[in-house]
Amino acid sequence: GSLTAIAFDKTGTLTEGRPQLTDVLPAAGVDERELVAVAVAIEQQSDHPLAAAVVRDGIARLGGAHVPAATAIEAITGRGVRAVVGGEPAHVGSPQLFSEVGGTQLPADLAKQACELARRGRTAMVVRQGDRYLGVLGLMDTPRAEAADTISELRRVGIRRVVMLSGDDQRVADAVAEQLGLDEAWGGLMPEDKVAAIQRLVGQEGGSAMVGDGVNDAPAMANATVGIARGAAGSPGPLKTADVALMADNLGQLPFATGLSRRTSRTIKQNLFVSLGMVAVLIPATLLGLGIGPAVAFHEGSTLLVVFNALRLLGYRG
């Protein structure tokens, strides 16, 4: 009820969490089907939303063409996936991945294409097999229909600073933030970076809420003043970390919960003022001659007043 800042996870919280493969950009001399087939082969073993989009839309683009087998698959947290395809090591991931895993450097033309995709709000995924770069894939996750209205409503009920935390490229995060009207977007964050970001926000604002899916974002939620799990119905995981659980998969409930918390805080203060004020008046009044009967009547009357004032919260509609 007293917080003025709130942080959101991006994928699956502010966005639909169902990205689509929008761009397939093969490198010079590489067939588009080879690029897609290698990406699909690697991502078939991952349950990440981006991987699911590559597999679903990639298979549709291949139109029944052969997909090679991938073995020794290993996720690289926050960067991508490595595997063995056709007897060669293969990687699919962000451009930053290829400066960390060694091997041939990302060609300038592919790096430029990846930057352009990011500028347009796409998540860029580079594909390499052996020492040969096959190309770049672009994926886009659309914002939730209710996200922009939710941000606007949060400002109406008193939230002054709204921040988005994302593992995507900073330019992708900025594009989404501009669409939704956020104050800030912090991109390129690993899970541990999100924890540090929340700690920094709490230090700057004196407290902050963190909204996430309650699984990948659990550490950040645990470090927030208030952790809020979205879409917790049917999943016990979010409830273990979150202070607040939005049971439906709808961000529109968040302004209601925030407004109700603020109204509840005000009601508690009003009731304390009435209760303690009545006691402060009745004690000296009784000592100065007010009968015990009237004193009890006034005291019990104030109790009823406090109860009815609290019951008004049942009518809160936001």
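Helix H2, residues 32-43, has 12 residues and runs 17 Å from its first C-alpha to its last, close to the 16 Å expected at 1.5 Å a residue (the expected span is 1.5 Å times one less than the number of residues). Helices (H or I, at least four residues) and strands (E, at least two) are DSSP runs, numbered from the N terminus. This is a predicted model, in which local features need pLDDT of at least 70 and side-chain atom pairs count only at pLDDT 80 or more, while totals for chains, interfaces and linings use all residues. Residues are numbered from 1 along each chain as its sequence is written, and side-chain values use heavy atoms, with hydrogens and water left out.

H2 is mostly covered, with 9 of its 12 residues buried (buried means under 20% relative accessible area, exposed over 50%, partly exposed in between, with a 1.4 Å probe and protein chains only). The buried set is Leu35, Val36, Ala37, Val38, Ala39, Val40, Ala41, Ile42 and Glu43. In the loop between strand E2 (20-26) and H2 sits Val30, which is buried too, at a relative accessible area of 11%. Setting aside neighbours within four places in sequence, Val30 is in contact with Leu35, Arg132, Tyr133 and Leu134 (contact means heavy atoms within 4.5 Å). Val30 and Gly135 are 105 residues apart along the chain, yet their C-alpha atoms are separated by 7.8 Å.

Lys10 belongs to helix H1, residues 10-14. With 3% relative accessibility, Lys10 counts as buried. Not counting residues up to four places away in sequence, Lys10 touches Thr15, Met164, Leu165, Ser166, Asp168, Val172 and Val176.

Next comes helix H7 (residues 191-205), whose 15 residues reach 21 Å between the first and last C-alpha, close to the expected 21 Å. Lys194, Val195, Ala197, Ile198 and Leu201 are the ones buried in H7. They cover an arc of only 160° around the axis, so they lie on the same side of H7 (the arc is that of the directions from the helix axis to the C-beta atoms). Their cover includes strands E1 (5-9), E8 (161-165), E9 (184-186) and E10 (209-212), along with helix H8 (218-223). After H7 comes Gly206, with a positive phi near 80°.

Helix H10 (residues 253-287) has 35 residues and reaches 51 Å from its first C-alpha to its last, close to the 51 Å expected. Among its buried residues are Leu254, Pro255, Arg262 and Leu282. The buried residues of H10 pack against E1, H5, E10, strand E11 (226-230), strand E12 (244-246) and helix H11 (292-311).

How do the partner helices of H10 lie? The axes of H5 (residues 147-156) and H10 come within 8 Å and cross at roughly 10° (axes are lines fitted to C-alpha atoms, for helices over the stretch in contact, and angles run from 0 to 180 degrees between N-to-C directions). H5 and H10 are therefore roughly parallel (under 35 degrees counts as roughly parallel, over 145 as roughly antiparallel, 65 to 115 as roughly perpendicular and the rest as oblique). Thr150, Glu153 and Leu154 of H5 meet Leu254, Pro255 and Thr258 of H10. The axes of H10 and H11 come within 10 Å and cross at roughly 175°, which makes H10 roughly antiparallel to H11.
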